[in-house]
Amino acid sequence: MSTMTQLILNGQVALPQTSWDKYRCYPSILNQQVEMISGRLVEEVRGIVQMIEYSYDYMGNDLMRSVLGILRSGTSFPVAYLPDEGDELVSGIFLCTSITQPTFAFSRAGVGYWHNFGFTLREVRPHA
């Protein structure tokens, strides 16, 4: 069984393929509700951003530390991702909006493995 690349962070860190509803990539409308002077509520649509949700059960020390370094940097970074509307990787600039902090699960041959790790990315700039 061959695997598919779903996500590459910062042009160098390829994440392992995840399955069973643990990878989600979708367009999201970026909008804001504005209350007019008259009291009427309107919605201003600013564009569309891509959202990526990823989680993985067990990840080794080296990969976990590389990924966390990128996600916790607080800066935007390039991402190659598999969109829900295509079969080829697409590139964009993203920020991490949330992290499910990993917990230490066990060690094998002196290597620590981390459990229940996940994160959400949001595209930095909206587009039409």
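A salt bridge is a side-chain nitrogen of Lys or Arg within 4 Å of a carboxyl oxygen of Asp or Glu. The views below come from a predicted model, in which local features need pLDDT of at least 70, side-chain atom pairs count only at pLDDT 80 or more, and totals for chains, interfaces and linings use all residues. Residues are numbered from 1 along each chain as its sequence is written, and side-chain values use heavy atoms, with hydrogens and water left out.

**View 1. Salt bridges of the structure.** The structure holds three salt bridges. Glu-53 forms one of them with Arg-24, and the closest N and O atoms are 2.9 Å apart. Because Glu-53 lies in strand E4 and Arg-24 in strand E3, this pair ties together parts that are 29 residues apart in sequence. Strands (E, at least two residues) and helices (H or I, at least four) are DSSP runs, numbered from the N terminus. With a relative accessible area of 22%, Glu-53 is partly exposed; Arg-24 is partly exposed at 44%. Here buried means under 20% relative accessible area, exposed over 50%, and partly exposed in between (1.4 Å probe, protein chains only). The side chains of Asp-57 and Lys-22 meet in a salt bridge of 2.7 Å, N to O. This pair links distant parts of the chain, with Asp-57 in strand E4 and Lys-22 in the loop between E2 and E3, 35 residues apart. Asp-57 is partly exposed at 31%, and Lys-22 is partly exposed at 24%. Arg-46 and Glu-44 also meet through their side chains in a salt bridge, at 4.0 Å from N to O. Arg-46 has a relative accessible area of 48% and is partly exposed, as is Glu-44 at 38%.

**View 2. Strand E5 and its two partners.** Strand E5 covers residues 77-81 and is mostly covered, with four of its five residues buried. Strand E1 (residues 7-9) runs antiparallel to E5 and is joined to it by three bridges; two strands pair if DSSP finds at least two bridges between them. Within E5, Val-79 is the bridge partner of Leu-9. Strand E6 (residues 90-100) is likewise antiparallel to E5, and five bridges join the two. In E6, Ser-91 stands opposite Ala-80.

**View 3. Aromatic pairs.** Seven aromatic pairs are present in the structure. Rings of Phe, Tyr and Trp (its six-membered ring) pair if their centres lie within 6.5 Å; planes under 30 degrees apart count as stacked, over 60 as edge-to-face and the rest as tilted. Tyr-81 and Phe-94 form an edge-to-face pair, at 5.3 Å centre to centre and 80 degrees between the planes. Tyr-81 lies in strand E5 and Phe-94 in strand E6, so the pair ties together parts that are 13 residues apart in sequence. Both Tyr-81 and Phe-94 are buried. The rings of Phe-106 and Tyr-113 have centres 5.3 Å apart and planes at 15 degrees, so they form a stacked pair. Phe-106 is partly exposed at 27%, and Tyr-113 is partly exposed at 24%. Arg-108 lies over the face of Tyr-113, at 5.9 Å from the ring centre; such a charge is counted if NZ of Lys or CZ of Arg is within 6 Å of the ring centre and within 35 degrees of the ring normal. Elsewhere, ring pairs link Tyr-54, Tyr-56, Phe-117 and Phe-119 into a cluster.

**View 4. The loop between E2 and E3.** Trp-20 is placed in the loop between strand E2 (13-14) and strand E3 (23-35). Although Trp-20 is not a glycine, its phi is positive, at about 55 degrees. Trp-20 is exposed, with a relative accessible area of 77%. Asp-21 is found in the loop between E2 and E3 as well. The phi of Asp-21 is near 65 degrees, again positive in a residue other than glycine. At 75% relative accessibility, Asp-21 is exposed.

**View 5. Buried residues of helix H1 and strand E4.** Helix H1 spans residues 61-71, and its buried residues are Asn-61, Met-64, Val-67, Leu-68, Ile-70 and Leu-71. These buried residues pack against E1, E2, strand E4 (41-60), E5, E6 and strand E8 (111-123); contact means heavy atoms within 4.5 Å. Gln-50 lies in strand E4 and is buried, at 4% relative accessibility. Not counting residues up to four places away in sequence, the contacts of Gln-50 include Cys-25, Tyr-26, Tyr-81, Phe-94 and Leu-121.
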